[in-house]
Amino acid sequence: MNLQLTNQQKQERTRFREFVDQEIAPHACRFDREEKLPIELIVKIARQGYLGSFLGEEWGGRSLDTITYGLLSEEIGRACSSVRSLLTVHDMVAISVLRWGSHEQRAKWLPLLVQGKAIAAFAVTEPEAGCDLGCVKTTAVRAGGGYVLNGVKSWITFGQVADLFLVLAGLDEKLSAFLVERNRPGVSTVPISGLLGVRASMLAEVRLNDCEIPADSIIGQPGFGLASVVATALGLGRYSVAWGCVGIAQACLESCVKYTNDRKQFGKPLKEHQLIRHMISDMVVDIKAARLLCSRAGILKQLGDPCEVMETLIAKYFSSRAAMKSASDAVQIHGANGCGDRYPVQRYMRDAKIMEIIEGSNQMQQLLIADYAYQEEARNLSDGD
Amino acid sequence: MDDKAKIRSFLSGFFRTNNLTDKDDVFALGLINSLFAMQLVLNIEREFNITVEDQDLDINNFNTIDNIAAFVSRKSRK
């Protein structure tokens, strides 16, 4: 497995970094404070081709390979986890349409998603259905040649502004996925504010009240909404979040290296104090390890290897923990300054905590990773290894 | 290794057993996690060089070793 970046991937990373350092990083604290992203930024991101960037040229996309896609997630995550969240949820819907949508759904939605003419959100979780999506209570009933949806979706990232929702609902008591436009009668949203982290992600509760949608709104076959459509979306979501976490940890490291160079205590720069160097060295090692896990998952994903599912999950688990540890240490290193809003490290710490919860909490990941160990053992025994 | 043996090898990891018969309904056995279907589809696609499409999503294509082998055979002929 070759983990070296190609020259083209390095050039792309440089371009991502330039855009992020110019358009996102200087404003990220304001986005966090104001709890919103300016529409002009979303337009700029779309113009760069960063929405649905993995989609092929036939849809207007940039055909980014999985590693380059990861580099984009890392660079944006380094500056602002809320912007990275926009790309994540939008792309989760895009990949669902690409993988399981009908020809007509792909032709209708993918060009709009790439151009940013439609912003997509993933409307799956509910007040009583978080990790346990089998408990989804939203219903879809066949009526008038289409479907009628009823239910409430909670914690929907970019639900305040999305034009298109991927909704998981029970149809004949089997979970199915539907594409629902915001402007359908019966769709309403209520903003959610005051979050701990990713505060500019413009979350909303999405209410579906006798919402009528046409028959061609279902995506994937009835009953495969969770096992195929949502599972595919979450696979990309975990991959994007994992790389975004590498970005958070990298941002912590960069902040700490600068701060410990400049700040003096007891007559010498902070970087000369051994216990500070301990925290810096842990950050370096965690970042490199997380990036390697993400790269490995990306290569397996590019190859279509079934192991990519679990390797991505492992990468997300490790990277989110690395981000949280790095951010906590970054605040510690910055001391009182780290607790104020003149430095971004307190934002990194609040955002990192969210990463340990979304796209499957880390406790869910632990259960699945342990399962994986026993599955591997059973498979080896079966193969006579 | 024939098609059924390849499928059995993959499934045995999930079910931690060497005793799967060709007619056992793997979805009825329980003990599978939410990532199972995705990994099963990826495994079938990679192992047999086919693409599982939207219209192929039918539980009767994937629930037993016999049915998966028959599905793979049908797709391979197209």
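A:Glu359 is buried, having 25 other C-beta atoms within 10 Å (buried requires 20 or more other C-beta atoms within 10 Å of the residue's own, exposed 12 or fewer, partly exposed lies in between, and C-beta atoms are placed from the backbone). The model is predicted: local features need pLDDT of at least 70 and side-chain atom pairs pLDDT 80 or more, while totals for chains, interfaces and linings use all residues. Residues are numbered from 1 along each chain as its sequence is written, and chains are lettered from A and ligands numbered from 1 in the order in which they are written.

A:Glu359 sits in the loop between helix H10 (345–355) and helix H11 (362–382) of chain A (helices, H or I of at least four residues, and strands, E of at least two, are DSSP runs numbered from the N terminus). Its phi is positive, near 55°, although the residue is not glycine. Most residues other than glycine have a negative phi.

A:Glu173 likewise is not a glycine and has a positive phi, of about 65°. This residue belongs to the loop between strand S4 (164–171) and strand S5 (174–181) of chain A. A:Glu173 is exposed, with 7 other C-beta atoms within 10 Å.

Elsewhere in chain A, helix H5 (residues 81–100) packs with helix H6 (residues 103–115) at an angle of about 155°, their axes lying 9 Å apart. H5(A) and H6(A) are therefore roughly antiparallel (an angle over 145 degrees). From H5(A), the contact involves A:His90, A:Ala94, A:Val97 and A:Leu98; H6(A) contributes A:Gln105, A:Arg106, A:Trp109, A:Leu110 and A:Leu113 (contact means C-beta atoms within 7 Å).

Technical notes: Axes are lines fitted to C-alpha atoms, for helices over the stretch in contact, and angles run from 0 to 180 degrees between N-to-C directions. Angles under 35 degrees count as roughly parallel, over 145 as roughly antiparallel, 65 to 115 as roughly perpendicular and the rest as oblique. Two residues are in contact if their C-beta atoms, placed from the backbone, lie within 7 Å.
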